[in-house]
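Colleague: I would like to learn how to read a structure like this one. Please take me through a few features in turn.

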2 protein chains.
Amino acid sequence: MKFSKSTDLAIHGLWQLATKGPQLLLVSEMASAQKVSETYLAKVFQKLARRGLVKSTRGKKGGFTLARTPEKITMADVVRAIETEEPLYECLGTERGCKGKDTCGLRMLFQDAELKLFNVLEKTSLHDLLGSNGSKDARRAWLP
Amino acid sequence: MKFSKSTDLAIHGLWQLATKGPQLLLVSEMASAQKVSETYLAKVFQKLARRGLVKSTRGKKGGFTLARTPEKITMADVVRAIETEEPLYECLGTERGCKGKDTCGLRMLFQDAELKLFNVLEKTSLHDLLGSNGSKDARRAWLP
């Protein structure tokens with residue numbers, strides 16, 4: 001069980017946009033800073049755009065900006081945009097003829113665990129991360 | 001991000017053992033009840049045995065039993081035995097020359113989120129699940 005590399009790239013891409021303010025950034029610029037392929041990062045940003053976290057401007061001077069202020073983008077928003085919407089735990093009981101799906105204690109337990117995880121991620125915005133010491137260090141180290 | 005099918009099979013296999021008390025169960029019996037391949041389930045049970053959650057007896061009348069009472073097997077134990085020990089979120093910053101790894105706010109945030117998830121799983125034992133209504137329904141539905 002692990003968050004995908006795309007989630008990491010999405011967070012760091014959004015971070016780059018947040019530090020640029022209203023200035024547009026090309027996927028190529030972000031990909032170069034993150035040392036990943038432009039095609040890969042473009043797919044990640046398409047997901048973020050679909051969920052209304054970034055907006056793209058086409059044309060010669062096109063690129064991406066944040067669609068909301070950094071205060072209004074939480075880490076839970078990013079994870080939900082990138083990872084699948086499927087629950088963390090899926091019981092395969094139904095395939096085995098289980099009829100207790102709706103009242104299953106096991107299912108409820110994992111739903112609760114997932115909720116607690118997302119509660120933490122919902123409480124931290126992109127803005128909060130920019131303000132943390134660690135984040136600033138990290139940004140200095142590799143952002144353009 | 002998702003727990004693997006193995007985790008689901010492990011929990012249900014342990015559940016079967018718990019309902020059998022000290023009686024041994026063959027992997028073939030559990031596999032048949034869970035409608036999965038014996039080879040697959042045997043690998044899952046090898047992981048559980050390595051982590052001291054079950055013990056195996058070889059020979060003609062061999063099989064598996066719980067190595068601890070159901071009260072002493074938490075859902076966190078099972079997840080840790082089956083899923084990798086890697087953190088839920090890994091920042092790829094180091095590959096990109098980031099020097100802020102140890103003080104990174106992002107890293108700490110995801111560690112905290114993971115901790116909250118495991119806190120829930122640690123509070124529920126196999127015994128608790130057996131006692132829940134939903135679990136009993138589920139057990140009735142497909143366990144042997």
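Modeller: Start with the elements. Helices (H or I, at least four residues) and strands (E, at least two) are DSSP runs, numbered from the N terminus. Lys35(B), for instance, lies in the loop between H2 and H3 of chain B. This is a predicted model, where local features need pLDDT of at least 70, side-chain atom pairs count only at pLDDT 80 or more, and totals for chains, interfaces and linings use all residues. Residues are numbered from 1 along each chain as its sequence is written, chains are lettered from A and ligands numbered from 1 in the order in which they are written, and side-chain values use heavy atoms, with hydrogens and water left out.

Colleague: How many helices and strands does chain A have?

Modeller: Chain A has 7 helices and 2 strands. Along the sequence they follow the pattern α-α-α-β-β-α-α-α-α.

Colleague: What is the phi of Lys35(B)?

Modeller: Most residues other than glycine have a negative phi. Lys35(B) is not a glycine, yet its phi is positive, about 55 degrees. Lys35(A) likewise has a positive phi of about 55 degrees, and its place is the loop between helix H2 (27-34) and helix H3 (38-50) of chain A.

Colleague: Does Lys35(A) count as buried or exposed?

Modeller: Buried means under 20% relative accessible area, exposed over 50%, and partly exposed in between (1.4 Å probe, protein chains only). Lys35(A) has 59% relative accessibility, so it counts as exposed. Lys35(B), at 59%, counts as exposed too.

Colleague: Which residues of H4(A) are buried?

Modeller: They are Met75(A), Ala76(A), Val78(A), Val79(A), Ala81(A) and Ile82(A). Because 6 of the 8 residues of helix H4 (residues 75-82) of chain A are buried, this helix is largely enclosed by the rest of the structure. Of the 144 residues of chain A, 49% count as buried.

Colleague: Which residues does Thr74(A) touch?

Modeller: Contact means heavy atoms within 4.5 Å. Leaving out residues up to four places away in sequence, Thr74(A) touches Leu121(A), Glu122(A), Thr124(A) and Ser125(A). Thr74(A) sits in the loop between S2 and H4 of chain A, and at 15% relative accessibility it counts as buried. Thr65(A), in strand S2 (residues 63-66) of chain A, is buried as well, at 10%. Among the residues that Thr65(A) touches are Leu17(A), Pro22(A) and Val54(A).

Colleague: Which residues have the most contacts inside the largest nonpolar core?

Modeller: In soluble globular proteins, nonpolar side chains tend to be buried together. A nonpolar core is a set of buried Ala, Val, Leu, Ile, Met, Phe, Trp, Tyr and Cys residues joined through side-chain atoms within 4.5 Å. The largest one here has 86 residues, and those with the most contacts inside it are Leu48(A), Val78(A), Leu121(A), Leu48(B), Val78(B) and Leu121(B). Leu121(B) touches residues of both chains, including Leu109(A), Phe110(A), Phe3(B) and Val79(B).

Colleague: Where does Thr74(A) stand relative to Ser56(A)?

Modeller: These two residues are 18 apart along the chain, and their C-alpha atoms are separated by 20 Å. As for contacts in chain A between residues at least 6 apart in sequence, 70% join residues at least 24 apart.
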